[in-house]
Amino acid sequence: MVRKSFKSIVTTSNRSNYLSEKWFDKIKAFQVLVVYDDDSFTNNLYENFHKDVYMDMEVTDIFESNADSDTFVICQQTYQQNKKLFLKLRVNARNELILRMAKVIIIYLLKRYKAKSSITLTNQPQFKDTQFIHSLVKQIEVMLKEQTFLADNKVWDEFCEWLNVYLSDWVLQDMENSLGIIALEKMSEEEIKSLFNKYIAKNISGDSRFMANFRKIVNGYVQQWITKIISELHLDKMPLHRIEELLQLEKPVVHEKPKDITMTVLQDGNLQVMSNPVYQSIRESLSNCTFKRTDKVDWPTSLLNKGTMKGTIQIKPAQLQNNRANEEEIIKSSWNQVKRLSEVDVDVYDALCSIFLAKAKHHKDIVEFYMKDLLIMRGVKAKLGGKGRRGGFEVKQRNQILQALSIMQNLWAEIENVTLYEKGKSVQASLQGRVYLFQDENQKEIDISKHSFNKPCYFSLGEVLSKFLIGSGRQTAILPLHTLQYHPYQDKWEKKLIRYLSWRWRTQARSGAYMQPHKINTLLEVLGIHINKRAPSRTRERLEKAFDRLLEDGVITSWQYEKWDEDIASMKGWARIWEYSTVVIKPPLSIRDQYSSIERKGKNKFKASANANKVNNALGARIKYYRNRLGLTLIQAAEEIEISTSYLSNIERGIKIPSARVGTRIEKWVQLHENSI
């Protein structure tokens, strides 16, 4: 690099620095490297974006005074000897600066968005999602690298030269002020160089005022860059719809009410619900009413224990935090809710989940529904009006839904040691919070039990469920609509069985082991039933009646005992043997077809072959299809697959053929998402 003359870069104010001009070209060249703590930077970058306090941030905050960093001075000789290493460090530092600039550009656009729309960040739930923020910052970072002058290496060379000249001037002035010009002029060139190195090291390592000025001039320089970027990209003139598109903003509560809710949530007579162990365990606790008092708390509490997942679910009203004085009365009210628990509550639990999965584009979305939608999904028909009679649903039916929704709002879960999937990798996590969150049109929490039956309701998933809908960790299953429409009392066995079987079919889908036998005692446990000791035949007859009803309704294709000798039924004590026998239950074709895409089909499907172009075009079409159905942008999908956006775009268009390793990652991504469409 050719060093520019001193006067061409630095113009001092009010005085000319004699020593700086005289010695500038004789000082040994050096490099300054600032390395910030990665964890500290990352946490500060993505935290609290949803809080309006960030809207006051200015460009001068790019290099915060309290940020964890190390600054190194490297002589040019050392730099040249280890050029490859230091060049890599320089590129990393450059990328970090661009990342910080991307954050400032986002904040600038958010300010313009707020000014134009009067909508605050607190009304944008996706800004509470670290993964969303990470994807957004990366998107803007790519834009800065590809669409602005920052792509030119000369720009960075000029910046480094400018910075070195400023630092040299400051240090030389410090030497002149400390020792005087006369003393310095008596020194040899080598002595001046040695003294300069000591002074710059002292200022950078121990002078807070020096470092404050250092940050100030860098921020000032970068501010000029950002001003130029805003002008070149026309960000200052960008219309509202373009800002919303660039920042992936959308109004969280914009869901039109369908004429018939079942048209929205149905797929070939099936609903879509979640299939993770937390969801299933809560469902079983509600269905079997396993809530008890514990030694630690008086609230109705059910222990959750499925596989490695452990935790509790409580019926604990949200209003408690504002009403501690009446805690005893509220606890009593919770136990009254436990006494009224029925399969209607489980129906509402599944129906809400199905509505959310059908309507939400993002796991933090807020969706709209009407209470009558829940009755329609359960097969309850409104009475027709006429001849002086009022039509609509009965008061008893309305109250039943209000009571069920109140229980949904009061569900509080604390989960430990549960497996989540992030970017295709499993991680262990702990979760706690409400299962469902109910709000009004202004996104304020409401008491759903007091909400008008005919007014629209809004809800979102609590973290204990929403975490299972992120990216490749999305876990959903198919549930026949018949489940909700069976009678909550007369057909209780059928309801419980098909919920469990639907969950098991989803867990077996990966291996295609649908014909794996079920133990009778396991099915009875799911039903919350003990064998009638006086008349065990009644228990067997009722279970077989439930199997026959499911077969008659097309919910299952067939059922039969495995290795069961009917002669045993004539022997004394036959029930103990029957309890440990097994039964094979075959799912309907629609279920098997739905899950066929996620069955293991052998190793990598995407290896090159004679018809590689044809295969790749089909692959690209598949990726695009599922990405659009899931409402994902190219950037979001690329982030989940862990490849670059441009690479994914080329694969979608059939331009690029993925490597075996990338093809495997894409295949896993497709398989994880196919079952949720």
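Colleague: How many aromatic pairs does the structure hold?
Modeller: This is a predicted model, and it holds 19 aromatic pairs.

Colleague: Where do Phe 159 and Trp 225 sit?
Modeller: Phe 159 belongs to helix α7, residues 153–179, while Trp 225 is in helix α10. They are 66 residues apart, and the pair links distant parts of the chain.

Colleague: And is that pair of residues buried or exposed?
Modeller: Both Phe 159 and Trp 225 are buried.

Colleague: Which residues form an aromatic cluster?
Modeller: Tyr 279, Tyr 349, Phe 356, Phe 369, Tyr 436, Phe 438 and Phe 459 make up one cluster.

Colleague: Staying with rings, which charged end sits over Phe 149?
Modeller: That is Lys 228, whose charged end lies 4.5 Å from the centre of the Phe 149 ring. There is also Arg 506, with its charged end over the ring of Tyr 595, 5.8 Å from the centre.

Colleague: New topic: backbone. What is phi of His 234?
Modeller: Phi of His 234 is near 60°, a positive value in a residue other than glycine. His 234 lies in the loop between α10 (208–232) and α11 (240–246). Gln 443 is not a glycine either, and its phi is positive at about 65°.

Colleague: Where is Gln 443, then?
Modeller: Gln 443 is in the loop between β9 (436–439) and β10 (457–461). Its relative accessibility is 23%, so Gln 443 counts as partly exposed.

Colleague: What about Glu 544, buried or exposed?
Modeller: Glu 544 counts as buried because its relative accessibility is 18%, and the cut-off for buried is under 20%. Glu 544 is part of helix α22, residues 536–552.

Colleague: What does Glu 544 touch?
Modeller: Leaving aside residues up to four places away in sequence, Glu 544 touches Trp 559 and Tyr 561.

Colleague: Last one: how many residues does helix α17 have, and how far does it reach?
Modeller: Helix α17 (residues 395–410) has 16 residues and reaches 23 Å from its first C-alpha to its last, close to the 22 Å expected at 1.5 Å a residue.

Colleague: Which residues of α17 are buried?
Modeller: Among them are Gln 397, Arg 398, Ile 401 and Leu 402, and also Met 408, Gln 409 and Asn 410.

How values were computed
Residues numbered from 1 in each chain as written. Predicted model: local features only at pLDDT ≥ 70, side-chain atom pairs only at ≥ 80, totals over all residues. Heavy atoms only, no water. Helix = DSSP H or I, 4+ residues; strand = E, 2+ residues; numbered from the N terminus. Buried < 20%, exposed > 50% of the residue type's maximum accessible area, 1.4 Å probe, protein only. Contact = heavy atoms within 4.5 Å. Expected span 1.5 Å × (residues − 1). Phe/Tyr/Trp six-rings, centres within 6.5 Å; stacked < 30°, edge-to-face > 60°. Lys NZ or Arg CZ within 6 Å of the ring centre and 35° of its normal.
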